[in-house]
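Trainee: Could you go through this model with me? I would like to start with the overall layout and then move to the details.

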Amino acid sequence: MKLATQPATRQINRLCGLPRFGELGKDGVAEMVRVLREHADNENHAERAVTEWIDHNKWLPSCAELIEVLEQTLSKPAKIKPNWDCEHCKGSAYERTWLLVTYVRHPSGEKKSTEETEITPEMAAELSQTVDNHFQKVVDAVKYCRCSFGQQIKELRRLRQAEEAQKGKR
Ligand SMILES: [Zn+2]
């Protein structure tokens with residue numbers, strides 16, 4: 001299960017405005033919560049699916065209909081807004097990061113692999129003075145910002161890639 005009971009229940013409860021929700025009873029609600037937990041990737045996905053249903057239907061979904069709408073909303077982009085005030089990315093979703101790259105030579109002498117450690121900007125400034133730039137280097141890179149916008153963009157990319165991979169298999 002990818003989704004916890006609490007967020008799933010929260011999303012199912014949003015269907016309460018639809019007719020016959022009250023007739024579901026505890027067991028009926030639990031069954032729908034189970035469906036959401038099993039088929040939603042995360043709360044954002046569950047939320048989009050439930051919103052999609054509420055906006056377009058007048059009746060309470062059956063479990064099968066709930067699964068259907070979850071599948072349909074899978075790849076739709078969420079309505080996400082950049083956080084312009086974010087001190088790390090200023091709304092770009094990316095932040096700069098520094099890495100200490102160490103080249104590790106394979107005992108055979110043939111292969112060379114690298115180890116990367118994320119370091120703070122302060123450490124980067126200090127280390128860049130001391131590393132030999134041959135076996136060890138300080139490099140800067142970009143990564144998804146730690147803010148919710150950056151993480152949502154990261155999640156979106158992941159979904160897109162998963163979708164592309166699926167298409168490739170067919
Ligand atoms: Zn940010």
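Mentor: The centres of domain 1 and domain 2, taken over C-alpha atoms, are separated by 47 Å. Domain 1 covers 5–72 and domain 2 covers 94–144, with bounds that come from an automatic or database domain assignment. This is a predicted model, in which local features need pLDDT of at least 70 and side-chain atom pairs count only at pLDDT 80 or more, while totals for chains, interfaces and linings use all residues. Residues are numbered from 1 along each chain as its sequence is written.

Trainee: OK, helices then: which residues of α1 are buried?

Mentor: In α1, which spans residues 5–13, the buried residues are A8, Q11 and I12. Helices (H or I, at least four residues) and strands (E, at least two) are DSSP runs, numbered from the N terminus. A residue is called buried if 20 or more other C-beta atoms lie within 10 Å of its own, exposed if 12 or fewer, and partly exposed in between, with C-beta atoms placed from the backbone.

Trainee: And why do they line one face of the helix?

Mentor: Seen down the axis of α1, the buried residues fall within an arc of 100 degrees, so they line one face; the arc is that of the directions from the helix axis to the C-beta atoms. What covers them includes α2 (25–39) and α3 (43–56).

Trainee: At what angle do α1 and α2 pack?

Mentor: The angle is about 115 degrees, and the axes are 9 Å apart; axes are lines fitted to C-alpha atoms, for helices over the stretch in contact, and angles run from 0 to 180 degrees between N-to-C directions. On the α1 side T5, A8, T9, Q11 and I12 meet V29, M32, V33, L36 and R37 of α2, where contact requires C-beta atoms, placed from the backbone, within 7 Å.

Trainee: What about the loop between α1 and α2, is R20 there buried or exposed?

Mentor: R20, in the loop between α1 and α2, is exposed, because 10 other C-beta atoms lie within 10 Å. Its phi is near 75 degrees, a positive value in a residue other than glycine.

Trainee: Switching to the strands, what is the order in the sheet?

Mentor: It is an open sheet of 3 strands in the order β2-β1-β3, with antiparallel pairing, where two strands pair if DSSP finds at least two bridges between them. The edge strands are β2 and β3, each pairing on one side only, and neighbouring strands are turned by 35 degrees against each other on average, direction ignored. Strand β1 (residues 94–105) is joined to β2 by 8 bridges and to β3 (residues 136–144) by 9 bridges.

Trainee: What stands opposite L100 on each side?

Mentor: L100 stands opposite T117 in β2, and its bridge partner in β3 is V138. Other pairs include Y103 with T114 in β2 and E95 with K143 in β3.

Trainee: How many residues of β2 are buried?

Mentor: Of the 8 residues of β2 (residues 112–119), the number buried is 0, so the strand lies largely in the open.

Trainee: Last one: where is A93?

Mentor: A93 is in the loop between α4 (63–72) and β1, and it counts as buried because it has 23 C-beta neighbours inside 10 Å. Phi of A93 is near 80 degrees, again a positive value in a residue other than glycine. The C-alpha atoms of A93 and Q151 are separated by 7.7 Å, although the two residues are 58 residues apart along the chain. Q151 belongs to helix α6 (residues 148–169) and counts as partly exposed, with 14 C-beta neighbours inside 10 Å.

Key
Contact = placed C-beta atoms within 7 Å.
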